[in-house]
Amino acid sequence: MLDEILDADEFIPEPHLRCDFRDNRSDVCEMEGAIRILGRTSEVFLVAPSLASISGGGGGVNATGVDANATRWKIQPYTRKGESRVMPGITEVTVRLVTADEAPPCDEWHDVPAIVYSNGGYCGNYYHDFNDNIIPLFITSRHLAGEVQLLVTQKQRWWFGKYREIVEGLTKYEPVDLDAEQRVRCYRRATVGLHSHKDLSIDPRRAPNNYSMVDFKRVLMWRYALPREHAIRMEEEDNSKKPRLLVINRRSRRRFVNLDEIVAAAEGVGFEVAAAELDAHIPAAASAVNSYDAMVAVHGSGLTNLVFLPMNAVVIQVVPLGRMEGLAMDEYGVPPRDMNMRSLQYNITAEESTLSEVYPRAHPVFLDPLPIHKQSWSLVKDIYLGQQDVRLDVRRFRPVLLKALHLLR
C-alpha cells in the first residue's frame, strides 16, 4: 500500500461508474477512475477530468434503476434493502460525480481497491452475520485475493474480532472505521455496497469467477483448519463405524423438551449421537460441527452452523408451528443443497408444540396463523418464535432419521 500525498496536477482519467438500484437485496455502485473517499461525511467522490465528462451523467456512467443523468447517488450499503425494521438505521453513503475543483484533496493514496459497506443492521445475530455480511463480502471481494481494503461504516470492533479468521482470509489489510476517518483516502477502484444473491447462499452465475457456496465452504475449511471435507460414506467405511449426529439444543425458546427421547431414537436407528449447545467461540464451534455427519435443530440461528459441516452431510430442520415452512425452507432448507449437502425438513404438529399448553386448540394461533403474519412480524416473533418449545413425537420423527441415515449411504 502506498502512503503518499497526490500532487495537484494528478492525472484524472475518464470516470467509469456502474450502479444497480434494481436488485431486491442490495444497491451497489462499482467505479473506476480517480476516487476520493471522505469518511466523516460518508461521501465517495468520483472525479471527472472536465465538466463535459459530467454533463449528462458522463459517457462512463451506467446507473440501472435510477436517473442515469444524475451526478449524485445515495446508497445504504447493507443487504436488507427495503426492510423497514432495519434500513432506517443504516448509514447513507453519497456517491458524487465531480470535477477536481469540487473534490477534496487526497491525503492518502492506496494501490488496492476499496469496498465500502455497513456493519450495522442485524449485526450480532448469527444467521444475519453470515447472510447479510460474511457471504456478501465473500461474493464482492474473494476474486481480489486479499488485495482489497474494507471501509466499514457502523463498524463493530467485537464483530471483527469474532470473525477475524474469515475477514483475514478476504483482506490483507486492517478494515477501516469509516465513520471515524478524518483523512481523504484515494483509490483507483471502489465498490459501494455488497452483492447479495439469496438466503445464506450464492448464485454462481452472478458471482465473479463463478464462485459458489462450495468455494465459500472451502475458504471456511482453510481459515479454521477443518479436517473433514466429506461426511462419512457408509459403504466405504468399516461397518462398525457409525455416522455421527449432532442435536443442537437452544438456550432459550424453541428448545427440545424431550431431548433424551430424541437422542435415544437416533441411537436406535444407528447414529452415534451428541446433544450440545455450541460454543460461541467460532473456531471451537466450527471444529466441533465439522466432526459430524448430520445435524438436527429447530429452526433458528443455530442452524447457521451447517456451513461448517462436511460436504455430503445431512441437515434436518425441525420447523415450529405457525406457518413457518416457507421461511424455514428459504433460510435453511435450500442453502445446504447449494453446499453439496442434503437437507430434510420436519414440520411439527400442534401436539408437538408447547403452545398447546398455553392456548386452547380452537385458538387462531393453531387454526389460522396467516392473519397473525399479516398483522405484524413482531407478533409472529413473539408467539411462534418466542413462546414455543418442541416435544418431538419420536415415532413420527423416526422415518426422518432413517431417511437421513439412508442419504449417508
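Arg-253 and Asp-389 form a salt bridge, with their closest N and O atoms 2.8 Å apart. Arg-253 sits in the loop between β12 (244–248) and α6 (259–269) and Asp-389 in the loop between α12 (377–385) and α13 (394–407), so the pair ties together parts that are 136 residues apart in sequence. A salt bridge here is a side-chain nitrogen of Lys or Arg within 4 Å of a carboxyl oxygen of Asp or Glu. This is a predicted model, where local features need pLDDT of at least 70, side-chain atom pairs count only at pLDDT 80 or more, and totals for chains, interfaces and linings use all residues. Residues are numbered from 1 along each chain as its sequence is written, and side-chain values use heavy atoms, leaving out hydrogens and water.

**Confidence**
- The chain averages a pLDDT (the predictor's confidence in each residue, from 0 to 100) of 92, and 95% of the residues score at least 70.

**Salt bridges**
- The whole structure has 28 salt bridges.
- Asp-389 is buried at 4% relative accessibility, while Arg-253 is partly exposed at 34%; buried means under 20% relative accessible area, exposed over 50%, and partly exposed in between (1.4 Å probe, protein chains only).
- Arg-80, Glu-83, Arg-85 and Asp-132 join up in a salt-bridge network.

**Strand β3**
- Six of the six residues of β3 (residues 43–48) are buried, so the rest of the structure largely encloses this strand; strands (E, at least two residues) and helices (H or I, at least four) are DSSP runs, numbered from the N terminus.
- β3 pairs with β2 (residues 28–38) in the antiparallel sense over five bridges, pairing meaning that DSSP finds at least two bridges between two strands.
- β3 and β6 (residues 93–99) run parallel, joined by six bridges.
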